[in-house]
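Please study the sequence and the model below before reading on.

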Amino acid sequence: MDKLQVEGGRPLSGSVSVSGAKNAALPLMAASILASGPLTLTNIPRLGDLRTMGRLLRHMGGSADLYPDDGAGGHREEAVLSMSGIDRPEAPHDLVKTMRASALVLGPLLARHGRARVSLPGGCAIGVRPIDLHLKALSNMGAEFDLSGGDIVARAPKGGLVGAEIRFESVTVTGTENVMMAAALAKGRTVIQNAAREPEVTDTARALLAMGAKITGVESDELVVDGVDALSEATHRVMPDRIEAATLVAAVALTGGSAVVRGARLNDMAMVLGKFTEAGVLLRAHNGDLHVESDPDLIAAVNITTSPYPGFPTDMQAQFLALMTRARGASIVTETIFENRFMHVAELRRLGADITLEGRTAVVKGTERLSGAPMTASDLRASASLLLAALAAEGTSDIYRVYHLDRGYDRLDQKLNSLGARITRMPA
Ligand code: UD1
């Protein structure tokens with residue numbers, strides 16, 4: 001297992017490009033199950049989670065060619081997914097346990113193959129995260145579920161799933177995607193109310209449209225899907241990763257650097273960029289580039305509360321909290337999406353951060369300096385938060401369990417090093 005050794009206190013400069021979005025690429029890969037021809041995805045990030053999804057698709061009997069050779073000694077950031085050969089519509093426990101997003105194959109399998117067996121996702125570090133809302137919505141469309149040996153065994157009615165009126169009682173991102181994908185091949189019309197509006201849901205909808213699906217209300221909280229008989233081959237470019245982009249902005253801000261983040265889609269990031277600006281980070285957008293500059297001694301304390309899009313994303317909470325450890329004054333960080341998403345707090349305290357936790361709220365009192373220390377990553381975004389704080393700290397920090405980072409960030413350590421950070425990957 002690797003660790004990252006970080007020498008802090010070096011301002012970042014230069015330019016860095018944003019990769020494709022993990023949370024769009026995952027549902028898009030699952031969507032390939034629906035198509036009669038190959039789905040080609042371009043701009044896919046290099047991530048552990050995508051490799052896991054590729055393994056899952058191959059396990060089921062499909063062909064998933066990820067990162068093919070470019071003929072010049074490198075690899076293309078592309079996936080060619082051809083799922084017409086699926087003969088084992090199952091997501092086994094060893095794949096689901098490493099990646100909850102495996103549940104995204106449930107809707108497409110039911111719609112295309114009429115049956116599925118998916119290991120029930122267990123608890124995970126950031127909270128309980130059940131998939132009851134997915135199951136309730138799919139059962140409204142006629143699916144039946146049994147539990148057997150820890151697996152959900154699902155069956156569609158004889159003539160296939162039928163369109164239904166679905167109202168999610170709370171906003172669920174992958175739940176919305178699962179049902180939208182299932183509805184694309186169901187009989188008749190499905191209306192999804194209180195749908196998640198995350199840009200990744202929209203990106204998935206756009207790929208389905210390119211495959212021949214009939215969906216209206218895209219980008220709104222009410223999606224109307226008219227089922228079609230078949231979906232065809234398509235090519236889709238995965239949207240840029242807004243969380244990675246914002247993480248890079250936070251890194252530059254925390255180190256007092258001046259750097260350019262290229263290729264982000266700023267419209268998707270309005271809330272987060274507004275909060276950086278409120279904190280005194282200078283942001284200038286020019287031709288798709290985002291120039292970031294800050295004086296870490298002048299960062300202002302800003303309060304954030306996570307909520308579904310267009311609110312402040314829970315996936316950026318840990319990284320923004322890291323920025324607030326250096327702010328002038330106290331900021332209040334409230335997490336409303338996941339009940340246990342403050343695992344980074346205890347680790348950040350080891351650097352000297354002053355943070356008090358009370359239920360779903362953290363009060364962060366900015367300190368003038370952080371000093372390097374060993375830390376252990378607990379989940380994906382927490383690991384990014386620790387890495388950011390280590391960049392800002394004086395001295396050396398070791399970060400253990402970095403496999404969390406590699407699951408969801410495309411070579412973040414290398415990207416930061418290209419901006420002048422000093423991060424070394426070594427066996428722990
Ligand atoms: C997705 C993202 C994840 C992000 C999260 C919230 C992917 C692959 N992952 O996760 O990075 O942090 O959205 O923006 O896109 N819930 C239920 N029952 C359900 C479904 C959800 O109670 O059936 C609860 C969850 O426990 C959580 C909340 O609803 O408290 C939101 O979860 P949800 O939007 O479903 O998160 P994911 O789709 O799993």
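In which loop is N43 found? N43 is found in the loop between strand 3 (39-42) and helix 2 (48-59). Helices (H or I, at least four residues) and strands (E, at least two) are DSSP runs, numbered from the N terminus. Phi of N43 is near 60°, which is a positive value in a residue other than glycine.

Some remarks on the source are needed here. The model is predicted, and local features need pLDDT of at least 70, while side-chain atom pairs count only at pLDDT 80 or more and totals for chains, interfaces and linings use all residues. Residues are numbered from 1 along each chain as its sequence is written, and side-chain values use heavy atoms, with hydrogens and water left out.

The peptide bond that joins Y309 and P310 is cis, with omega about 10°.

The packing of helices comes next. Two packed helices are described by the angle between their axes and the distance between the axes. Axes are lines fitted to C-alpha atoms, for helices over the stretch in contact, and angles run from 0 to 180 degrees between N-to-C directions.

Helix 8 (residues 242-255) packs against helix 12 (residues 380-392) at an angle of about 20°, and their axes are 8 Å apart. These two helices are therefore roughly parallel to each other (angles under 35 degrees count as roughly parallel, over 145 as roughly antiparallel, 65 to 115 as roughly perpendicular and the rest as oblique). Their crossing is right-handed, a term for the near helix being turned clockwise from the far one by less than a right angle. In this contact (heavy atoms within 4.5 Å), helix 8 contributes I243, T247, A250, A251, L254 and T255, and helix 12 contributes R381, A384, L388, A389, L391 and A392.

Helix 8 also packs against helix 10 (residues 317-324), at an angle of about 10° and with the axes 10 Å apart. Helix 8 is therefore roughly parallel to helix 10. Here I243, T247, A250, A253 and L254 of helix 8 make the contact with Q319, A322 and L323 of helix 10.

Elsewhere, helix 1 (residues 22-31) and helix 7 (residues 199-210) pack at an angle of about 30°, with their axes 9 Å apart. Helix 1 is therefore roughly parallel to helix 7, and the crossing of this pair is right-handed. N23, A24, P27, L28 and A31 in helix 1 meet E200, D203, T204, A207 and L208 in helix 7.

Finally, which residues are closest to the ligand? Of the 18 residues that surround the ligand, the closest are L133, T172, T174, D315 and I337 (a residue is near a molecule or strand if one of its heavy atoms lies within 4 Å of it). A backbone N or O atom of L133 lies 2.7 Å from an oxygen atom of the ligand. In D315, a polar side-chain atom lies 2.6 Å from an oxygen atom of the ligand. A polar backbone atom of I337 is 2.6 Å from an oxygen atom of the ligand.

Technical notes
A polar contact is a pair of N or O atoms within 3.5 Å; within protein, one must be able to donate a hydrogen and the other to accept it, and residues adjacent in sequence count only if both atoms are side-chain atoms.
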